[in-house]
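Welcome! Here is a short tour for anyone meeting this structure for the first time. Please take a look at the sequence and the model, then read on.

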Amino acid sequence: MNKKNGLKNYVMALILVIVAVLIDQYTKYLAVTHLKDGSAFVLIDNVFELNYLENRGAAFGLLQNRQIFFVCVAILIFAFILYCYVRIPKTGRYLPLRLCGIFIVAGAAGNLIDRIRLGYVVDFFYFKVINFPIFNVADIYVTCSAIFLAVLLIFCYKEEDLNQLLKSLKGK
């Protein structure tokens, strides 16, 4: 890949991260303006609703009020994914892996913005039928991308694909 195409690849990735973060932040803005201090907005009775929550922890409310820890973890995630993104072969075969990295970064960035700006993360999606913890768009990015990444690595890439990927990550 020539330098011009390489730069284009990174610019497109950055644009996608920014757009995804903006979507996340906009949905959180809507949650704050329409749901905060109000009752839940029921979309499907006893199944799914929009319900405002200020989450000062991680998934399932773990590690409450550990904002510095979460900032450090986000920075490590950014560094690791950037390292991998730069080294993953820029072929169509590995595009799904690069997209997973982009959306994990976007999700981590969206929640990091909340933690730094507000001291908590705005959550608002609630599956009442299974009493699933309340979550947001950034959480969807991270969770779906992580699941998709696992599925890709376990079921879609062959041994030779994974060997090529590992060589690339090692810099060989």
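Predicted model: local features only at pLDDT ≥ 70, side-chain atom pairs only at ≥ 80, totals over all residues.

Residues are numbered from 1 along each chain as its sequence is written, and side-chain values use heavy atoms, with hydrogens and water left out.

**Overall layout**

- The protein has five helices and three strands; helices (H or I, at least four residues) and strands (E, at least two) are DSSP runs, numbered from the N terminus.
- Along the sequence these elements follow the pattern α-β-β-α-α-β-α-α.
- The C-alpha atoms fill a box of roughly 55 × 30 × 30 Å, taken along the principal axes.
- Of the 172 residues in the protein, 37% are buried.
- Contact means heavy atoms within 4.5 Å; among contacts between residues at least 6 apart in sequence, 69% join residues at least 24 apart.

**Aromatic pairs**

- A search of the whole structure finds 11 aromatic pairs. Rings of Phe, Tyr and Trp (its six-membered ring) pair if their centres lie within 6.5 Å; planes under 30 degrees apart count as stacked, over 60 as edge-to-face and the rest as tilted.
- Tyrosine 10 and tyrosine 85 form a tilted pair, with 5.9 Å centre to centre and 55° between the planes.
- That pair links distant parts of the chain: tyrosine 10 is in helix H1 (residues 3–35) and tyrosine 85 in helix H2 (residues 67–87), 75 residues apart.
- Tyrosine 85 counts as buried because its relative accessibility is 9%, while tyrosine 10, at 32%, counts as partly exposed.
- Phenylalanine 48 and phenylalanine 127 also form a tilted pair, at 4.6 Å centre to centre and 40° between the planes.
- Here, too, distant parts of the chain are linked: phenylalanine 48 sits in strand S2 (residues 48–55) and phenylalanine 127 in strand S3 (residues 121–127), 79 residues apart.
- Phenylalanine 48 has a relative accessibility of 14%, so this residue counts as buried.
- One aromatic cluster is formed by Phe48, Phe124, Phe125, Phe127, Phe132 and Phe135.
- Another ring, that of phenylalanine 70, has arginine 115 over its face, at 4.0 Å from the ring centre. A charge sits over a ring if NZ of Lys or CZ of Arg is within 6 Å of the ring centre and within 35 degrees of the ring normal.

- Asparagine 9 has its place in helix H1 and is buried, with a relative accessible area of 16%.
- The side chains of asparagine 9 and tyrosine 85 are joined by a polar contact of 3.0 Å. A polar contact is a pair of N or O atoms within 3.5 Å; within protein, one must be able to donate a hydrogen and the other to accept it, and residues adjacent in sequence count only if both atoms are side-chain atoms.
- Leaving aside neighbours within four places in sequence, asparagine 9 is in contact with Tyr85, Lys90 and Arg98.
- Alanine 13 also lies in helix H1 and is buried, at a relative accessible area of 10%.
- With neighbours within four places in sequence set aside, alanine 13 is in contact with Tyr85 and Ile102.

**Nonpolar cores**

- The largest nonpolar core has 23 residues, and those with the most contacts inside it are Val17, Leu35, Ala106, Val122, Phe124 and Phe125. Such a core is a set of buried Ala, Val, Leu, Ile, Met, Phe, Trp, Tyr and Cys residues joined through side-chain atoms within 4.5 Å.
- Two or more residues of this core come from each of H1, S2, H2, helix H3 (95–118), S3 and helix H4 (137–156).
- H1 gives the largest share of this core, six residues.
- Apart from this core lies another, of nine residues, among them Ile88, Cys100, Leu152 and Leu165.

**Helix H4**

- The buried residues of H4 are Val137, Ala138, Tyr141, Ser145 and Leu152.
- Seen down the axis of H4, these buried residues fall within an arc of 100°, so they line one face of the helix; the arc is that of the directions from the helix axis to the C-beta atoms.
- Ile147, Ile154 and Phe155 are exposed on the other side of H4.

Conventions:
Buried < 20%, exposed > 50% of the residue type's maximum accessible area, 1.4 Å probe, protein only.
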